[in-house]
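Colleague: I would like to go through this structure with you. Could we begin with the terms that you use?

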Amino acid sequence: MKERLEQLKEEAISALNTVTSGQMLELLRVKYLGKKGELTAILKQMGSLPAEQRPTVGQIANRVRTIIDEAIAKKSSELEEMSMANRLESEALDVTIPGGEFQFGHRHPMTIVLDEAKDIFIGMGFDIAEGPEVELSYYDFDKLNIPITHPAREWTDTFYTTQDESVHLRCQTSPVQVRVMEKKRPPIRVISPGRVYRKDEVDASHSPMFHQIEGLVVDRGVTMGDLKGTLNLLVSRLYGENTKTRFRPHHFPFTEPSCEVDVQCVVCGGSGCRTCKQSGWIELLGAGVVHPKVLAGCGIDPDEYSGFAFGIGLERMTMLRYGIDDMRLLFENDMRFLNQF
Ligand code: PHE
């Protein structure tokens with residue numbers, strides 16, 4: 001029996017030497033020291049020994065258990081150390097390596113120009129108003145004095161979202177004028193930038209989605225002269241002191257009188273080029289004195305108050321600012337283009 005114990009010890013020790021994982025180690029522990037393990041099996045036979053041999057064999061058995069126990073504990077801490085060393089190596093982080101280059105983005109050219117325009121208008125005491133892009137025809141047409149027969153109300157021009165033509169993607173920012181006048185009493189000074197939609201084919205100067213900045217001023221004694229002064233200030237701030245403007249008579253149902261405003265072509269300086277179609281001028285916006293019917297429709301007495309309004313094309317404004325000759329560039333997100341701003 002003593003030999004069996006010695007043999008068991010040798011066997012266990014050499015088995016432990018081949019262990020490479022915690023799982024293997026646990027299997028061996030169960031095999032040798034577990035309740036159904038080999039040492040227990042030997043000890044169960046103690047009963048068959050002569051009484052005088054039992055103490056010595058018992059002692060040897062205990063010693064063997066201790067030795068195997070200690071060998072297991074030693075192996076276990078070796079394994080732990082090894083796995084720690086492995087982890088340290090594989091998860092090593094060199095904080096002294098220089099960081100990768102970080103690419104900063106920047107504002108889109110239209111955002112740059114819009115922010116400038118906002119600053120200019122805020123400097124003149126304007127607030128910024130917002131309105132929905134999915135708009136009621138009531139606000140975009142009816143309240144703006146746009147008759148049911150107006151071509152802008154055709155399905156070929158406007159993106160209706162309901163069969164009864166009561167809702168559509170707004171085709172101008174002018175409905176915000178009405179929304180503001182319904183809620184606020186004069187003096188009113190607001191601009192309202194945003195997206196608008198028209199059924200236009202994409203080309204160098206058209207897109208079915210583009211942006212406008214609407215402007216509205218209502219107070220006592222507001223005239224066309226105030227409109228000219230305000231827009232001339234905007235133009236000189238954006239394009240330089242000496243930039244010329246031209247106010248051409250035009251027609252809008254919601255302003256009377258109405259005009260379109262051109263800016264002298266920044267590309268050729270007015271002598272005529274491809275960008276201005278040889279005219280020397282580029283159309284920037286529509287404007288006018290708010291129609292008395294529109295004021296009255298919003299509960300503002302046209303005998304007491306008057307106002308002016310304008311709608312500027314933000315794409316145009318940006319193209320003029322940077323001499324961009326194709327509107328598509330503004331929407332294509334080509335980094336070679338955008339990186340220039
Ligand atoms: N809403 C007009 C357009 O889109 C522009 C405009 C705005 C004209 C305000 C007059 C007054 O063409």
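This is a predicted model: local features need pLDDT of at least 70, side-chain atom pairs count only at pLDDT 80 or more; totals for chains, interfaces and linings use all residues.

Colleague: Then where is the place of Asn-145?

Modeller: Asn-145 belongs to the loop between α6 (137-140) and β3 (167-169). Its phi is positive, near 65°, although the residue is not glycine.

Colleague: Which loop holds Asn-333?

Modeller: Asn-333 is in the loop between α11 (329-332) and α12 (335-338).

Colleague: How far is the C-alpha atom of Leu-5 from that of Val-64?

Modeller: The two C-alpha atoms are separated by 7.1 Å, while the residues are 59 apart along the chain.

Colleague: Let us change topic to the ligand. Which residues come nearest?

Modeller: There are 14 residues around the ligand, and those that come nearest are Gln-172, Ser-174, Arg-198, Gln-212 and Gly-311.

Colleague: What lies 2.7 Å from a nitrogen atom of the ligand?

Modeller: A polar side-chain atom of Gln-172 does. For Ser-174, an N or O atom in the side chain is 2.9 Å from a nitrogen atom of the ligand. In the case of Gln-212, an N or O atom of the side chain is 2.9 Å from an oxygen atom of the ligand.

Colleague: How much of the ligand's accessible area does the protein cover?

Modeller: On its own the ligand has 330 Å² of accessible area, and the protein covers 91% of this. The ligand sits in the largest pocket.

Colleague: Which elements give two or more residues to the shell around the ligand?

Modeller: They are β5 (209-219), β8 (281-290) and β9 (306-313). The most comes from β9, which gives three residues.

Colleague: How do the residues of that shell divide into nonpolar, polar and charged?

Modeller: Five are nonpolar, seven are polar and two are charged.

Colleague: Now for helix α10: which of its residues are buried?

Modeller: In α10, residues 314-322, the buried ones are Leu-314, Glu-315, Met-317, Thr-318, Met-319 and Leu-320. Gly-323 follows α10 and has a positive phi, near 65°.

Colleague: One last topic, the prolines. Which peptide bonds are cis, with omega near or about 0°?

Modeller: The bond from Pro-186 to Pro-187 is cis, with omega near 0°. Another cis bond joins Glu-256 and Pro-257, where omega is about 0°. In general, most peptide bonds are trans.

Colleague: Where do Pro-187 and Pro-257 lie?

Modeller: Pro-187 is in the loop between α7 (175-183) and β4 (188-197), whereas Pro-257 lies in strand β7, residues 255-264.

How values were computed: Residues are numbered from 1 along each chain as its sequence is written. Side-chain values use heavy atoms; hydrogens and water are left out. A residue is near a molecule or strand if one of its heavy atoms lies within 4 Å of it. A polar contact is a pair of N or O atoms within 3.5 Å; within protein, one must be able to donate a hydrogen and the other to accept it, and residues adjacent in sequence count only if both atoms are side-chain atoms. Accessible areas come from the Shrake-Rupley method with a 1.4 Å probe; for residues, only the protein chains shown count as cover. On a 1 Å grid over the protein atoms alone, a cavity is a set of points where a 1.4 Å probe fits but cannot get out, and a pocket is an open set with protein on both sides within 12 Å along at least five of seven lines; lining residues have an atom within 4 Å of a point. A molecule sits in a cavity or pocket if more than half of its atoms lie within 2 Å of its grid points. Helices (H or I, at least four residues) and strands (E, at least two) are DSSP runs, numbered from the N terminus. Ala, Val, Leu, Ile, Met, Phe, Trp, Tyr, Cys and Pro count as nonpolar, Asp, Glu, Lys and Arg as charged, and the others, Gly among them, as polar. Buried means under 20% relative accessible area, exposed over 50%, partly exposed in between (1.4 Å probe, protein chains only).
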